[in-house]
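Subject: Structure for your review

Dear colleague,

Please find below the structure that I am handing over to you.

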Amino acid sequence: MLTVHDLKELMFQYTEPLIRLAYGYVKDIQMAEDIVQEVFIKFYHQNNYEERGELKAYLMQMTVNKSKDYLKSWAYRKVLLQNTLFPTAGKHSVDEFVKKDEKSIIGDAILELPLRQREVLLYFYFNEMTISEIARFLSIPESTVKTRISRGRELLKNKLKGIEWEALLNE
């Protein structure tokens, strides 16, 4: 049985990567935090968990499933409809640091990618998973992962073409 102390340790260790993962799907930081919170609550109350593999992969899969459930929900479609009908003025604030601005341009470009390319790029670059780990996690062949990474890179290259980089090129 999982104790509260064990749960705190798990949350300390895995909250940040799980939020990044959920954010890659839902594109809303508050909702990503809510999803991760729900994942930890569900995991804590779960009585039938058996350690058969890596706990991080299990929590990641729970987060992916919860994120996909949210994307199918009425609440998500309602928010999309509201944002379409009533766009918020000044949604994007101008950053004072060029480097932060350039990173946000890259982040936005990644979030605009189709889900298949976006998720493998997020796993590969941000979660630092290997191609074989991604293939096992998504239950697809390694060649498919390689193809999706390649296509994702090509789409990113085309999206970011023509942008003048000031800070990130000098790192």
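Of the 171 residues of the protein chain, 32% count as buried, where buried means under 20% relative accessible area, exposed means over 50%, and partly exposed lies in between (1.4 Å probe, protein chains only). Please note that this is a predicted model, in which local features need pLDDT of at least 70 and side-chain atom pairs count only at pLDDT 80 or more, while totals for chains, interfaces and linings use all residues. Residues are numbered from 1 along each chain as its sequence is written, and side-chain values use heavy atoms, with hydrogens and water left out.

The overall picture is as follows. The protein chain has eight helices and zero strands; helices (H or I, at least four residues) and strands (E, at least two) are DSSP runs, numbered from the N terminus. Among contacts (heavy atoms within 4.5 Å) between residues at least 6 apart in sequence, 65% join residues at least 24 apart. The accessible surface of the protein chain is about 11800 Å², and 54% of this belongs to carbon and sulfur atoms; such areas come from the Shrake-Rupley method with a 1.4 Å probe, and for residues only the protein chains shown count as cover.

I now turn to the charged side chains. Side chains of opposite charge can pair when their charged atoms come close. How many salt bridges does a search of the whole structure find? The search finds three, a salt bridge being a side-chain nitrogen of Lys or Arg within 4 Å of a carboxyl oxygen of Asp or Glu.

One of them joins Glu-16 to Arg-20, with the closest N and O atoms 3.7 Å apart. Both residues belong to helix H1 (residues 4-26) and are four residues apart, about one turn of the helix. Glu-16 is exposed, at 55% relative accessible area, whereas Arg-20 is partly exposed, at 34%.

Another salt bridge is formed by the side chains of Glu-38 and Lys-66 (3.5 Å, N to O). Glu-38 is in helix H2 (residues 29-45) and Lys-66 in helix H3 (residues 55-72), so this pair ties together parts that are 28 residues apart in sequence. Glu-38 is partly exposed, with 37% relative accessibility, and Lys-66 is partly exposed, with 24%.

There is also a salt bridge between Lys-159 and Glu-112 (3.5 Å, N to O). Lys-159 lies in helix H8 (residues 142-159) and Glu-112 in helix H5 (residues 98-112), so the pair ties together parts 47 residues apart in sequence. Lys-159 is partly exposed, at 38%, while Glu-112 is exposed, at 54%.

Yours sincerely
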